[in-house]
Amino acid sequence: MNTQKRKSTRLARLGRALKLNFVKLLRAPGGAHKVSIGFALGFGLELIVISTASLIYLAFYPIVRLSGGSLPAAIVGNVIGKLTFLPILLMPLAKQIGSWILPAHGMGQGALHENAFMELFRGNWFALKELLLGGLDILAGMSVFGVLLGFVSYFVVKILYVRALRRRHERRLEKRRQAAASHTPASLLIRKQPQS
């Protein structure tokens, strides 16, 4: 029973974190296009963070600024990418796709690839090349996933952003109508009193 409570509180926290980041996304400066580009870049770049050993963060700000995206939206996209655990889940599939894209070095074959770390500790420096080439496979595959998921997330965020803005605008109009309706009788009474 205690573990069920923990799971439900974790899911509730995750839901609150996603909702908070979505609200931050709606309040990010810029229009729907700017916010969507920023989110798509942040989400797509998160997929290659692990395979670049976080070095992509050095180019994160310039990439977002040069593309004309919103930096707060890019940060939100990056955080949501972390919360989904997609970079870890997609890594085996990314390695396979990367080996199709970069078949020239023939990665993933032989006992050396399986024990590359152990061979490196034994002083076999060829294993370092093997590890780096394996990293290139993953980087190529994760780059493909980053482009695809970033492209899809651009349209998803743009649709959600426009819908949320419409809802906010409709709520404001409704509040103004209610405020105008509630003030009308009082103002008529004030105007009628001096005449009588």
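**Before you start.** The model is predicted, so local features are given only at pLDDT of at least 70 and side-chain atom pairs only at pLDDT 80 or more, while totals for chains, interfaces and linings use all residues. Residues are numbered from 1 along each chain as its sequence is written, and side-chain values use heavy atoms, with hydrogens and water left out.

**Whole chain.** Begin with a cartoon view: you will find 9 helices and 0 strands, where helices are DSSP runs of H or I with at least four residues, strands are E runs with at least two, and both are numbered from the N terminus. Of the 196 residues, 30% are buried (under 20% relative accessible area with a 1.4 Å probe, protein chains only; exposed is over 50%, partly exposed in between). Taking contacts between residues at least 6 apart in sequence, 74% join residues at least 24 apart (a contact means heavy atoms within 4.5 Å).

**Helices α2 and α4.** Now select residues 32-46, helix α2, together with 71-84, helix α4. Their axes come within 7 Å and cross at roughly 40° (axes are lines fitted to C-alpha atoms over the stretch in contact, with angles from 0 to 180 degrees between N-to-C directions). Show side chains where they meet: α2 contributes Val35, Gly38, Phe39, Gly42, Phe43 and Glu46, and among their partners in α4 are Ala73, Gly77, Ile80 and Gly81. The residues of this contact divide into 7 nonpolar, 6 polar and 2 charged, with Gly counted as polar.

**Two rings in α2.** Stay on α2 and zoom in on Phe39 and Phe43, 4 residues apart, about one turn of the helix. Their rings are stacked, 6.0 Å centre to centre with 10° between the planes (rings pair if their centres lie within 6.5 Å, and stacked means planes under 30 degrees apart). Both are buried: Phe39 has 7% relative accessibility and Phe43 has 9%.

**Other aromatics.** The whole structure holds 4 aromatic pairs. Select Phe151, Tyr154 and Phe155 to see one aromatic cluster.

**Last stop: Phe85.** Move to the loop between α4 and α5 (86-89), where Phe85 is found. Check its backbone: phi is positive, about 60°, although Phe85 is not a glycine. At 51% relative accessibility, Phe85 counts as exposed.

Notes. Phe/Tyr/Trp six-rings, centres within 6.5 Å; stacked < 30°, edge-to-face > 60°.
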